[in-house]
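Visitor: I should like to learn how to read the features of a structural model. May we go through one together?

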Amino acid sequence: MATTTKAAAPAKKNSGFQGVKAAWIILVICAIAGYSVWYFVMGNPDNFVGGDRTGHPANLLGTVYKGGFVVGLILTLLFTVICLGIERFFAIKSASGKINLAKFTAQVKALIKEQKFAEADALCDKMQGSVANVVKASIKMYQTVETDSTLKKAAKIAKIQQAHEEATQLEMPTLQMNMPMVATIVSLGTLTALFVWYFDLLGCYRCLQLLLKQDR
């Protein structure tokens with residue numbers, strides 16, 4: 001006799017902050033901010049002798065401005081990492097739920113042991129967050145398979161594990177969102193520093209060539 005299998009209940013989505021999905025918007029805004037700081041703040045005429053950007057710098061900001069357009073790129077990467085770090089902080093904090101995780105775990109274990117599934121489900125709704133969503137999906141599947149007399153114990157355990165894994169997979173994208181961009185920027189940091197060093201080294205060679213020509 002064929003038995004119909006029920007799909008695992010999807011985990012309830014977090015009602016809190018789930019992160020910025022269009023991270024390229026943050027990158028564009030940080031690029032505008034980075035190059036604005038480089039040109040308008042560091043390149044302020046007050047930072048140069050005689051108020052001329054092409055002249056000698058009068059302070060540290062003017063000296064950094066002389067690094068060229070690469071300074072704006074470095075500021076863009078810096079601002080992007082800071083913004084994404086703040087975005088990840090609030091997203092993960094929202095996903096962690098509204099109740100202390102250790103307290104929630106102890107309470108939900110006690111309720112499940114006492115077969116108080118309605119109270120456990122209500123506790124998950126109160127907790128919210130990724131952990132609560134996964135636990136809620138597992139509890140719902142447990143209640144579903146427990147009333148199915150056609151399934152053996154091993155099949156019931158397998159279905160509960162499947163529901164648990166599917167709920168976890170639904171929560172992972174929110175937790176891992178924008179992390180690849182942060183990892184890429186961190187990797188580019190070293191390459192950007194090498195490029196700046198090479199760019200400045202070429203500038204030094206040009207200055208040496210001009211000095212040698214003047215001496216002749």
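**Reading the model**

Guide: The side chains of Asn133 and Glu171 are joined by a polar contact of 3.0 Å. A polar contact is a pair of N or O atoms within 3.5 Å; within protein, one must be able to donate a hydrogen and the other to accept it, and residues adjacent in sequence count only if both atoms are side-chain atoms. This is a predicted model, in which local features need pLDDT of at least 70 and side-chain atom pairs count only at pLDDT 80 or more, while totals for chains, interfaces and linings use all residues. Residues are numbered from 1 along each chain as its sequence is written, and side-chain values use heavy atoms, with hydrogens and water left out.

Visitor: What is the average pLDDT of the protein, and where is confidence lowest and highest?

Guide: The pLDDT is the predictor's confidence in each residue, from 0 to 100. The protein averages 83, and 92% of the residues score at least 70. Confidence is lowest in helix H8 (residues 179-215), with a mean of 79, and highest in H1, at 93. Residues 1-12 have a pLDDT below 50, although this stretch has 21 contacts in the model beyond near neighbours in sequence. A contact means heavy atoms within 4.5 Å. Where pLDDT is low, the predicted coordinates should not be read in detail.

Visitor: Is Asn133 buried or exposed, and in which helix is Asn133 found?

Guide: Buried means under 20% relative accessible area, exposed over 50%, and partly exposed in between (1.4 Å probe, protein chains only). Helices (H or I, at least four residues) and strands (E, at least two) are DSSP runs, numbered from the N terminus. Asn133 belongs to helix H6 and is buried, at a relative accessible area of 4%. The buried residues of H6 also include Gly129, Ser130 and Met141, and their cover includes helix H3 (69-95), H4, H5 and helix H7 (153-176).

Visitor: How many residues make up the largest nonpolar core?

Guide: A nonpolar core is a set of buried Ala, Val, Leu, Ile, Met, Phe, Trp, Tyr and Cys residues joined through side-chain atoms within 4.5 Å. The largest one has twelve residues, among them Phe104, Cys124, Ala132, Val135 and Ile139. At least two residues come from each of helix H4 (101-113), helix H5 (117-127) and helix H6 (129-146); H5 gives the most, with five. Cys124 is buried at 3% relative accessibility and, leaving aside residues up to four places away in sequence, touches Phe104, Ala132, Val135, Lys136 and Ile139. A second, separate core of six residues includes Met42, Phe48, Tyr65 and Val71.

Visitor: Where does Phe48 lie?

Guide: Phe48 sits in the loop between helix H1 (23-42) and helix H2 (60-65), yet is buried, with a relative accessible area of 4%. Beyond residues up to four places away in sequence, Phe48 touches several others, including Met42, His56, Pro57 and Tyr65.

Visitor: Is Thr147 buried or exposed?

Guide: Thr147, in the loop between H6 and H7, is exposed, with a relative accessible area of 67%. Its side chain reaches the backbone oxygen of Gln143 at 3.5 Å, and a polar atom of that side chain lies 3.0 Å from the backbone oxygen of Thr144.
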